[in-house]
Amino acid sequence: MAFAFPIRVYWEDTDAGGIVFYANYLRYFERARTEWLRSLGVGQQRLREQTGGMFVVTDAQLRYHRPARLDDELLVTAALQSSGRASLTIVQQALLKPEQMTEPSPVLLTEATIRIGWVDAATLRPARIPGTLLEQLTP
């Protein structure tokens, strides 16, 4: 089951047409990934201090289905799709909460596949994800 993080759409998130500006979904997905890691006991600042490494986004693919608008309540999900020695692939969705519409279940607005790589924080060179961290992140 995917981790879900609630987000409200604010005025600052929208464009002149009152629709969420497309690039803001990247911010929503980043927040959900950060909170997903926190829910697994992984704080990114502490992780950097303890291991000298950090995650960076290396690839992002998004598909937009429907727009979100001012004051909408969203659920933004994050789920591990695959893991390697130096990267993780996370699948994410931005969903409109069902209370917002007549639909009985959340409505898909945007979906993404995000690849994050592990790098040495000092050099930004790719490195191997610590084994203990991989164990925390994989079911």
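Student: Which residues have the most contacts inside the largest nonpolar core?

Tutor: They are Tyr 28, Phe 55, Leu 74, Val 76, Leu 88, Leu 133 and Leu 137, in a core of 30 residues. The elements giving two or more residues to this core are helix H1 (24–39), strand S3 (73–83), strand S4 (87–96), strand S5 (107–120) and helix H3 (131–137). This is a predicted model, where local features need pLDDT of at least 70 and side-chain atom pairs count only at pLDDT 80 or more, while totals for chains, interfaces and linings use all residues. Residues are numbered from 1 along each chain as its sequence is written, and side-chain values use heavy atoms, with hydrogens and water left out.

Student: What makes a set of residues a nonpolar core?

Tutor: The members must be buried Ala, Val, Leu, Ile, Met, Phe, Trp, Tyr or Cys residues, joined through side-chain atoms within 4.5 Å. Buried means under 20% relative accessible area, exposed means over 50%, and partly exposed is in between (1.4 Å probe, protein chains only). Tyr 28 has a relative accessible area of 0%, so it is buried. Helices (H or I, at least four residues) and strands (E, at least two) are DSSP runs, numbered from the N terminus.

Student: Which residues does Leu 88 touch, not counting residues up to four places away in sequence?

Tutor: Leu 88 touches Phe 55, Leu 80, Ser 82, Ser 83, Ile 114, Arg 115, Ile 116, Ile 129, Leu 134 and Leu 137. Contact here means heavy atoms within 4.5 Å.

Student: How many salt bridges does the structure hold, and why is the pair of Glu 73 and Arg 8 called one?

Tutor: The structure holds 5 salt bridges. The term requires a side-chain nitrogen of Lys or Arg within 4 Å of a carboxyl oxygen of Asp or Glu. Glu 73 and Arg 8 meet at 3.7 Å, N to O, so the pair qualifies. This pair links distant parts of the chain, with Glu 73 in strand S3 and Arg 8 in strand S1, 65 residues apart. Glu 73 is partly exposed at 25%, and Arg 8 is partly exposed at 34%.

Student: What links Arg 8, Glu 73 and Lys 97 in a network?

Tutor: Salt bridges link these residues. Lys 97 forms a salt bridge with Glu 73, the closest N and O atoms being 3.5 Å apart. Lys 97 lies in the loop between S4 and S5, and Glu 73 in strand S3, 24 residues apart. The relative accessible area of Lys 97 is 18%, so this residue counts as buried.

Student: How do you know that Asp 13 and Arg 27 form a salt bridge, and is Asp 13 buried or exposed?

Tutor: Their side chains meet at 3.8 Å, N to O, so the pair falls within the cut-off. Asp 13 lies in the loop between S1 and H1 and Arg 27 in helix H1, so the pair ties together parts that are 14 residues apart in sequence. Asp 13 is buried because its relative accessible area is 2%. Arg 27, at 35%, is partly exposed.

Student: Why is the pair of Phe 21 and Tyr 22 called tilted?

Tutor: Rings of Phe, Tyr and Trp (its six-membered ring) pair if their centres lie within 6.5 Å; planes under 30 degrees apart count as stacked, over 60 as edge-to-face and the rest as tilted. The count comes to 4 aromatic pairs by this rule. Phe 21 and Tyr 22 are 4.7 Å apart, centre to centre, with 50 degrees between the planes, so the pair is tilted.

Student: Is Tyr 22 buried or exposed?

Tutor: Tyr 22 is exposed, because its relative accessibility is 51%. Its place is in the loop between strand S1 (3–8) and H1.
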